[in-house]
Amino acid sequence: MIGTLRKYSTIWILLCLILLIILSGYGLDYSALNNFSPSMVIDTVRGLLKPDWSYFFDGSGEDVFSLMILTIAIAFVGTAIGTILAFPLMLLASHNLWSRNTLVPKITKIILDVLRSFPELIYAIIFVKMVGPGPFAGVLAIGVHQIGMLGKLFTEEMEKMNEDAIEAMHSVGANPVQTFFYARLPQVMPTYTSLILNHFEIGVRSAATLGLVGAGGIGAPLIFAIQARNWDKVSIILLVVVVTVFVLDIVNGWLRKKLK
């Protein structure tokens, strides 16, 4: 009987999902398909298959290599800011660190929810208006968003950790500061390190788009090349972004293994 109910429940869930997909697709505007041209697709693909290697590095500081280095730097500094500021917020948001006061963790978690509610692009638009266009706006955009994301993940890891070691230290007279540095932190640091490396990689991908709104990096020349239909330049930019993310993934994987 229970198995039959589960079977029917699964069927109903699948039907509801299919209906939701159909309704979502029905509500889209497909008028842009009137401008579809097979010849345009062929020209685009041909352009993308012929990267402009002269644009990779020319020593001007505006070439793809220099802008990709700038993009990585924006992501690195932004992730560093996010990590540094997420850590104290984690201390305030973790319920198991505030067993006698539940109000502080609740308020701090609301702050973290607000910080991560907006994507980096929205923050970039705001900071470009506040501090002007350039890499600093991109750093602030990634940093603020990373505070919310890393703060949430740090808090979750801290709250679900094994409390046996903490109770053992309390039983021999250790104070909360000692238990934090000698029992809590060693348990979560490997996971924290992995999260930081992962979000740095995400930050590089995000930084690659922030130039679209004037926040520095490789996004601006990418959108200009697309608008001008310079597909050879678009190709080399996309190729460099893909290779960079691939290399960062390998390096991050190697670092994770070393830090275990």
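Is Val-188 buried or exposed, and what is its relative accessible area?

Guide: Val-188 is buried, with a relative accessible area of 3%. Buried means under 20% relative accessible area, exposed over 50%, and partly exposed in between, with a 1.4 Å probe and protein chains only. Please keep in mind that this is a predicted model, in which local features need pLDDT of at least 70 and side-chain atom pairs count only at pLDDT 80 or more, while totals for chains, interfaces and linings use all residues. Residues are numbered from 1 along each chain as its sequence is written, and side-chain values use heavy atoms, with hydrogens and water left out.

Val-188 lies in helix H8, which runs over residues 176-210. Helices (H or I, at least four residues) and strands (E, at least two) are DSSP runs, numbered from the N terminus. Apart from neighbours within four places in sequence, Val-188 is in contact with Glu-157, Met-158 and Met-161; contact means heavy atoms within 4.5 Å. From Val-188 to Lys-160 the C-alpha distance is 9.8 Å, although 28 residues separate them in sequence.

Let us turn to the helices that H8 meets. Two packed helices are described by the angle between their axes and the distance between the axes. Axes are lines fitted to C-alpha atoms, for helices over the stretch in contact, and angles run from 0 to 180 degrees between N-to-C directions.

H3 packs against H8 at an angle of about 145°, their axes 9 Å apart, and this crossing is right-handed. A crossing is right-handed if the near helix is turned clockwise from the far one by less than a right angle, and left-handed if anticlockwise. Among the residues that make the contact are Ala-75, Phe-76 and Thr-79 of H3, and Ile-196, His-199 and Phe-200 of H8. By class, this contact of H3 with H8 has 16 nonpolar, five polar and no charged residues. Here Ala, Val, Leu, Ile, Met, Phe, Trp, Tyr, Cys and Pro count as nonpolar, Asp, Glu, Lys and Arg as charged, and the others, Gly among them, as polar.

Thr-79 itself belongs to helix H3, residues 64-93. Because its relative accessibility is 4%, Thr-79 counts as buried. Beyond its neighbours within four places in sequence, Thr-79 touches Ile-142, Gln-146, Ile-196, His-199 and Phe-200.

H8 also meets helix H5, residues 120-131: the two axes come within 10 Å and cross at roughly 50°. H5 and H8 are therefore oblique to each other. In these terms, angles under 35 degrees count as roughly parallel, over 145 as roughly antiparallel, 65 to 115 as roughly perpendicular, and the rest as oblique. The crossing of H5 and H8 is right-handed. On the H5 side Glu-120, Leu-121 and Ala-124 take part, and they meet Ser-206, Thr-209 and Leu-210 in H8. The residues of this contact divide into three nonpolar, two polar and one charged.

Asp-164, in helix H7 (residues 164-171), counts as exposed because its relative accessibility is 52%.
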